[in-house]
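Hi,

Here is the structure I said I would pass on. Have a look at it first, and then read my notes below.

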Amino acid sequence: MAFDRVKKYFDSVGMGDKVMQFDVSSATVAEAAAAIGCQPCRIAKTLSFRADGDVVLIVAAGDVKIDNAKYKAQFKTKAKMLTYDEAEECIGHAVGGVCPFAVNDGVKVYLDASLRRFDTVYPACGSSSSAIELTVPQLELHSGSLGWVDVCKQI
């Protein structure tokens, strides 16, 4: 189970007690913000794409969406999201719980500049009813990010 993999990872780095599980869904930005009690913009949503055969995750603020022109300029290909069925197989996490932690080998993770305005953000933890509060430097460290990109625009 994806949640267990993520929890095990955070246990191994002494942060397992920060992982939250909810009795309600946190699968969408709005649901996660309601479960946590924060503004939707502070949800660090993870969007999944296929780029020239690679699986690419973009972690972005909850109040932005992919800007197709910026994405194409960054990755030299059109933004093509993984399908619902592809997500779990390619990433290791099902839609609703996709996060940048404990992902399958070869998955490339990038952080979008939209997150830099926050001290802390809340990404999911592998299930549709979980999250963790991390500082942006902690997110950068624990996500295994390959770097920062600017591929989003305000909704």
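A question to start with: is alanine 32 buried or exposed? Keep in mind that this is a predicted model. Alanine 32 counts as buried, with a relative accessibility of 6%. You'll find alanine 32 in helix 2. Apart from neighbours within four places in sequence, alanine 32 is in contact with Ser25, Ser26 and Ile43. If you want a distance to check on screen, the C-alpha atoms of alanine 32 and cysteine 125 are separated by 11 Å, and these two residues are 93 apart along the chain.

Helix 2 itself covers residues 29–36 and lies across strand 2 (43–51) and strand 6 (120–123). The helix runs at about 150° to strand 2.

Six strands make up an open sheet with mixed pairing, and their order is 8-6-2-3-5-9. The edges are taken by strand 8 (134–135) and strand 9 (148–149); each has a single partner strand, so one side of each is left without a neighbour in the sheet. At the strand 9 end, the pairing with strand 5 (residues 108–112) is parallel and runs over two bridges. Look there for leucine 111, which stands opposite tryptophan 148 in strand 9.

Next, the charged pairs. How many salt bridges does a search of the whole structure find? It finds six, and here are some of them.

One of them joins the side chains of glutamate 133 and arginine 42, at 3.6 Å from N to O. Glutamate 133 sits in the loop between strand 7 (130–132) and strand 8, while arginine 42 sits in the loop between helix 2 and strand 2, so the pair ties together parts that are 91 residues apart in sequence. Glutamate 133 is partly exposed, at 29% relative accessible area.

Another salt bridge brings together the side chains of glutamate 86 and arginine 50, at 3.9 Å from N to O. This pair also links distant parts of the chain: glutamate 86 belongs to helix 4 (residues 84–91) and arginine 50 to strand 2, 36 residues apart. Glutamate 86 counts as partly exposed at 24% relative accessibility, and arginine 50 counts as partly exposed at 28%.

Then there is lysine 70, whose side chain meets that of aspartate 150 in a salt bridge of 3.3 Å, N to O. Lysine 70 is in helix 3 (residues 68–75) and aspartate 150 is in the loop between strand 9 and strand 10 (152–154), so to speak a link between distant parts of the chain, 80 residues apart. Lysine 70 is partly exposed, with a relative accessible area of 32%, and aspartate 150 is partly exposed too, at 44%.

A polar atom of the aspartate 67 side chain lies 3.0 Å from the backbone nitrogen of alanine 69. Not counting residues up to four places away in sequence, aspartate 67 touches Val151, Cys152 and Lys153.

Over to you!

Conventions:
Residues are numbered from 1 along each chain as its sequence is written. This is a predicted model: local features need pLDDT of at least 70, side-chain atom pairs count only at pLDDT 80 or more; totals for chains, interfaces and linings use all residues. Side-chain values use heavy atoms; hydrogens and water are left out. Two strands pair if DSSP finds at least two bridges between them. Helices (H or I, at least four residues) and strands (E, at least two) are DSSP runs, numbered from the N terminus. Contact means heavy atoms within 4.5 Å. Axes are lines fitted to C-alpha atoms, for helices over the stretch in contact, and angles run from 0 to 180 degrees between N-to-C directions. A salt bridge is a side-chain nitrogen of Lys or Arg within 4 Å of a carboxyl oxygen of Asp or Glu. Buried means under 20% relative accessible area, exposed over 50%, partly exposed in between (1.4 Å probe, protein chains only). A polar contact is a pair of N or O atoms within 3.5 Å; within protein, one must be able to donate a hydrogen and the other to accept it, and residues adjacent in sequence count only if both atoms are side-chain atoms.
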